[in-house]
Amino acid sequence: MHTGWESSPGPRPRVTPARVCYLEALAMPSDTPTNLYDLTRPALGALLSDWGFRPHHRDLLWTGLYRQQARALDEVEGLRPDLRDTLRERTRLSHLSTHHEAFSSDGHTHKLLLRLEDGQTIETVLMRFKGRATVCISTQAGCAMGCVFCATGQMGLSRHLTPGEIVGQILHVRRILRETGESLRNVVLMGMGEPLHNYDNTLAAVDVLVDPLGLAMGPRFITLSTVGVVPGIRRLADEDRPVQLAVSLHGATDAERAALVPAGRRWPLDELMDACRYYIARRKRRIFFEWTLIAGRNDTSEHAHTLGALLGGMDAHVNVIPLNPTVGYDGDPSQPASVRAFQDVLMSHGVPSTVRQRRGIDIDAGCGQLKSTVERRSRRSLPTSP
Ligand code: SAH
Ligand code: SF4
């Protein structure tokens with residue numbers, strides 16, 4: 001989630017935007033035993049029934065993993081010894097570890113760089129406010145979509161996350177929250193990566209999050225943000241998956257959008273808006289549209305009128321996010337007066353909007369920013385070759 005400024009923007013050299021590659025990236029190659037966190041409850045049931053165990057063993061294991069939050073099989077109460085042995089032989093429980101963390105000075109934002117089993121790192125941001133916590137999680141290590149202002153887009157894609165790695169971020173922050181007795185309410189899939197480019201793994205993870213026997217998160221409190229992957233939006237509409245949908249626009253004409261969001265060339269606005277209207281009609285659910293406001297680029301009254309005309313009459317709500325400057329993009333956030341004027345014009349078209357609060361101003365809290373900062377620092381501290 002893009003909730004803060006870089007701590008020291010400094011000079012911002014331009015970098016070549018990441019090459020846009022829509023080919024399926026490989027999931028982590030793995031000849032290791034199945035990670036139990038990768039499985040939905042039906043998939044776990046199928047596995048156990050192949051081994052000859054009845055469904056209630058599945059539910060016992062499931063509640064142990066997600067209700068009790070056992071970290072090891074030994075901690076799951078009531079498991080039959082032969083099942084425990086089989087699980088030990090054929091499966092594993094993979095946990096994420098903290099590679100680096102930062103706290104905002106107001107104490108509300110806790111940004112984590114988490115390490116995966118193969119050494120990749122991903123960002124997860126925990127925001128605690130008035131007893132309600134929100135977590136922003138990643139769905140890919142990097143991103144292939146190449147949005148020019150986004151630190152993650154500037155890195156390119158390393159790989160998709162598995163369902164277990166997506167769920168693992170939630171388990172990790174729940175453990176942190178448990179220490180203070182706080183609970184997690186909202187999950188936003190707005191960290192690193194494009195969730196609909198990793199559709200199956202992302203939605204399997206959502207199924208685990210909402211499972212009533214486990215974490216039992218409310219579907220209304222899970223928001224999935226997409227850059228506008230049209231086939232994914234249509235699939236979501238047809239499958240009725242338990243999420244709120246947010247679509248990142250940033251431009252309301254094809255030319256302006258494609259200059260910021262290269263994926264706009266692949267899925268032009270008429271196709272994208274058709275898919276959004278289809279989604280709203282099928283699901284009878286509003287869509288949130290995200291608009292990163294960049295001074296002079298997409299924040300004038302003309303831009304607001306074009307956006308208002310595009311969304312007018314739709315069940316839409318716009319989230320405006322003043323740009324978080326990134327090292328690889330030479331743009332500035334809009335001034336507060338331009339933000340207000342932009343919202344007023346939208347309102348004149350009957351389109352409501354909210355400015356997203358910027359939290360973690362001092363800790364690189366925009367997605368991909370902490371990872372790039374940590375990597376730049378560690379490159380600087382590496383010994384140079386003779
Ligand atoms: N890939 C998805 C979700 C992750 S990005 C998507 O693009 O929607 C979440 C949101 O943060 C998107 O709206 C994205 O455009 C926005 N964003 C990315 N980098 C930003 C930055 N530097 N400043 C402000 N918003 C940014
Ligand atoms: Fe990927 Fe979203 Fe960043 Fe675009 S804004 S590069 S889609 S993470």
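Biologist: How many bridges join β5 to β6, and in which sense do the two strands run?
Modeller: This is a predicted model. In it, the hairpin of β5 and β6 has two residues between the strands, and Lys130 there takes a positive phi near 45°. The strands run antiparallel, and the number of bridges joining them is five.

Biologist: What is the bridge partner of Val125 in β6?
Modeller: Strand β6 covers residues 132-136 and is mostly covered, with four of its five residues buried. Val125 has its bridge partner in that strand, and the partner is Cys136.

Biologist: Which residue of β9 is the bridge partner of Arg132?
Modeller: β6 also pairs with strand β9, residues 183-189. That pairing is parallel and runs over five bridges. The partner of Arg132 in β9 is Ser183.

Biologist: Which residue of β5 is the bridge partner of His110?
Modeller: Strand β5 spans residues 121-129 and runs antiparallel to β4, with seven bridges between them. The hairpin of β4 and β5 has five residues between the strands, and Gly119 takes a positive phi near 90° there. Across this pairing, the partner of His110 is Leu126.

Biologist: Which residue stands opposite His110 of β4 on the β3 side?
Modeller: β3, residues 97-103, pairs with β4 in the antiparallel sense over six bridges. The two form a hairpin with five residues between them, and Gly107 in the turn has a positive phi of about 80°. The residue opposite His110 is Phe103.

Biologist: How many of the seven residues of β4 are buried?
Modeller: β4 is residues 109-115, and it pairs with β3 over six bridges. It is joined to β5 by seven bridges.

Biologist: Why do the buried residues of α11 line one face of the helix?
Modeller: Helix α11 is residues 301-311, and its buried residues are His303, Ala304, Leu307, Gly308 and Leu311. Seen down the helix axis they line one face, because they fall within an arc of 135°.

Biologist: Which exposed residues does the face of α11 turned away from its buried side carry?
Modeller: The buried residues of α11 pack against β12 (287-293), β13 (316-322) and α12 (336-348). Just after the helix, Gly313 takes a positive phi of about 90°. The face turned away from the buried side carries Glu302 and Ala309.

Biologist: Is His250 buried or exposed?
Modeller: His250 lies in the loop between β11 (244-248) and α8 (254-260). Its phi is positive, about 65°, although it is not a glycine. It has 27 C-beta neighbours inside 10 Å, and 20 or more is the cut-off, so His250 counts as buried.

Biologist: Is Ala216 buried or exposed?
Modeller: Ala216 is another residue other than glycine with a positive phi, near 50°. It lies in the loop between α6 (199-210) and β10 (222-226). With 11 C-beta neighbours inside 10 Å, and a cut-off of 12 or fewer, Ala216 counts as exposed.

Biologist: What separates the C-alpha atoms of Ala43 and Arg58?
Modeller: Ala43 is placed in helix α1, residues 41-50. It counts as partly exposed because it has 16 C-beta neighbours inside 10 Å. Arg58 is 15 residues apart from Ala43 along the chain, and their C-alpha atoms are separated by 9.8 Å.

Biologist: How many residues of the shell around ligand 2 are charged?
Modeller: The residues around ligand 2 include Cys143, Cys147, Cys150, Glu194 and Val227. Met145, Thr152 and Gly193 are also among them. The shell divides into five nonpolar and four polar residues, and the number of charged ones is one.

Methods: Residues numbered from 1 in each chain as written. Chains lettered and ligands numbered in written order. Predicted model: local features only at pLDDT ≥ 70, side-chain atom pairs only at ≥ 80, totals over all residues. Near = placed C-beta within 6 Å. Nonpolar A, V, L, I, M, F, W, Y, C, P; charged D, E, K, R; others polar. Arc of directions from axis to C-beta. Contact = placed C-beta atoms within 7 Å. Pairing = 2+ DSSP bridges.
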